[in-house]
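This report examines a few local features of one protein model. Please look at the sequence and the structure before reading on.

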Amino acid sequence: MSLPPFTPRLIWSVLAAAATGLAAGSFVLTAWLDLHPCHLCIFQRLLFMLLLPLGLLAAWLAPRRAGAWIGLASLPFAIAGMATAAYQSWLQWQPPGSISCMAGKPGLIEQLVEWLGQRLPDLFMATGFCEDAELYVLGLTLANWAFLAFATWIVLAIRALFQARQVDAD
């Protein structure tokens, strides 16, 4: 008995399911363990929430060229998420008290998260500091896991795009 091939539709469906689980998991863990997400955490949550519909659309439209374009459109969001998670991981690796994410003037991420937090505080209110690693799972912080999740999205999305391109060429 062999496994079914990893078609672009299957890859995009798995990615959409993973984005759903990661976004929902961030809400559940925050409430259940009384975590205090920072601006970068909330921004990563938002990016997973944006990747979800893109993954679903790419899966639905996979046999058509539009599916590839939607999938391609997801890459900048995943790259931004990976960069954000890498920066947050770097902040968390610094000696305690040596660096803080709270600088003088808020950047674009902080402004966006503050704006969203004012409108939907249950989903987007930032109450923590980026350099604090409140939870470790298998020795990695949530920012480390987010980095791996965004990196996986990028790798699998590129695979799906190349497979879709090969199907078009055949």
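Cysteine 38 is buried, with a relative accessible area of 0%. Here buried means under 20% relative accessible area, exposed means over 50%, and partly exposed lies in between (1.4 Å probe, protein chains only). The model is predicted, so that local features need pLDDT of at least 70 and side-chain atom pairs count only at pLDDT 80 or more, while totals for chains, interfaces and linings use all residues. Residues are numbered from 1 along each chain as its sequence is written, and side-chain values use heavy atoms, with hydrogens and water left out.

A disulfide is a covalent bond between the sulfur atoms of two cysteines. It is assigned here to a pair of cysteine sulfur atoms within 2.5 Å, and by this rule the count is zero.

| Cysteine | Relative accessible area | Nearest cysteine sulfur |
|---|---|---|
| Cysteine 38 | 0%, buried | cysteine 41, 3.3 Å away |
| Cysteine 41 | 29%, partly exposed | cysteine 38, 3.3 Å away |

Both cysteines are in contact (heavy atoms within 4.5 Å) with glutamine 88, whose partners beyond four places in sequence are Cys38, Leu40, Cys41, Gln44, Cys130 and Ala143. Glutamine 88 lies in helix H3 (residues 65-93) and is buried, with a relative accessible area of 2%. Helices are DSSP runs of H or I with at least four residues, numbered from the N terminus. The side chains of glutamine 88 and glutamine 44 are joined by a polar contact of 2.6 Å. Such a contact is a pair of N or O atoms within 3.5 Å, of which, within protein, one must be able to donate a hydrogen and the other to accept it; residues adjacent in sequence count only if both atoms are side-chain atoms.

The structure also holds three aromatic pairs. One of them, phenylalanine 48 with phenylalanine 150, is stacked, at 4.2 Å centre to centre and 5° between the planes. Phenylalanine 48 lies in helix H2 (residues 39-60) and phenylalanine 150 in helix H6 (residues 142-169), so the pair ties together parts 102 residues apart in sequence. Rings of Phe, Tyr and Trp (its six-membered ring) pair if their centres lie within 6.5 Å; planes under 30 degrees apart count as stacked, over 60 as edge-to-face and the rest as tilted. Both phenylalanine 48 and phenylalanine 150 are buried.

Technical notes. Helix = DSSP H or I, 4+ residues; strand = E, 2+ residues; numbered from the N terminus.
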